[in-house]
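Look at the sequence and the structure first, then go through the points below.

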Amino acid sequence: MPEEPMAEELDESPYPNVTVCPRCGGQMEELAVEGVALERCRSCRGLWFDAGELEKVLALSPQPAIDEKRRARSPMEESGPKLQCPRCGGQLIKMHHLRNPQVTLDGCMVCYGTWLDAGDLAELQSPRWLDRARDLLQGIFG
Ligand SMILES: [Zn+2]
Ligand SMILES: [Zn+2]
């Protein structure tokens, strides 16, 4: 019986580790959440998720509080130049998450990583509009 290769446990990403924040250029630090390794910016507290990691983290419930409160953003951040992918150097594209279309995130079409600004993850984890929709329906149908 052949031995199982151990390499599967290793990070086989062809891209270098994320060390520089795509938003503010700050230093990224590694953050482990329930076995998922994320990167968080020490300065602006934004979070980087590699392909599939965001879905993994969103599937965990209840959530460890890894996200910061939403902070005020400058118009530069909302409509400024496109960010560069901190993982592969590709261009990040603004998109909306199906779970909460009010949240704008920056996704990479090359390595499928996702950038979330501080507060966006919390918004995705407990979308307030869902609660509002539920209240509204209960108001109508009792
Ligand atoms: Zn930053
Ligand atoms: Zn990328």
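In the hairpin of β5 and β6, with 5 residues between the strands, tyrosine 112 takes a positive phi near 60°. This is a predicted model, in which local features need pLDDT of at least 70, side-chain atom pairs count only at pLDDT 80 or more, and totals for chains, interfaces and linings use all residues. Residues are numbered from 1 along each chain as its sequence is written, while chains are lettered from A and ligands numbered from 1 in the order in which they are written.

Terms
- Strands (E, at least two residues) are DSSP runs, numbered from the N terminus, as are helices (H or I, at least four residues).
- Two strands count as paired if DSSP finds at least two bridges between them.

Around β5
- Strand β6 covers residues 114-116 and runs antiparallel to β5, with 2 bridges joining them.
- Glycine 107 has threonine 114 in β6 as its bridge partner.
- On β4 (residues 92-97), β5 (residues 100-108) pairs in the antiparallel sense over 6 bridges.
- Methionine 95 has leucine 105 in β5 as its bridge partner.
- The hairpin from β4 to β5 passes through 2 residues.

β2 and β3
- Strand β2 (residues 36-41) and strand β3 (residues 47-49) run antiparallel and are joined by 2 bridges.
- Arginine 40 stands opposite leucine 47 in β3.

The whole sheet
- An open sheet is formed by 6 strands in the order β1-β2-β3-β6-β5-β4, with antiparallel pairing.
- Its edge strands, β1 (28-33) and β4, each pair on one side only.
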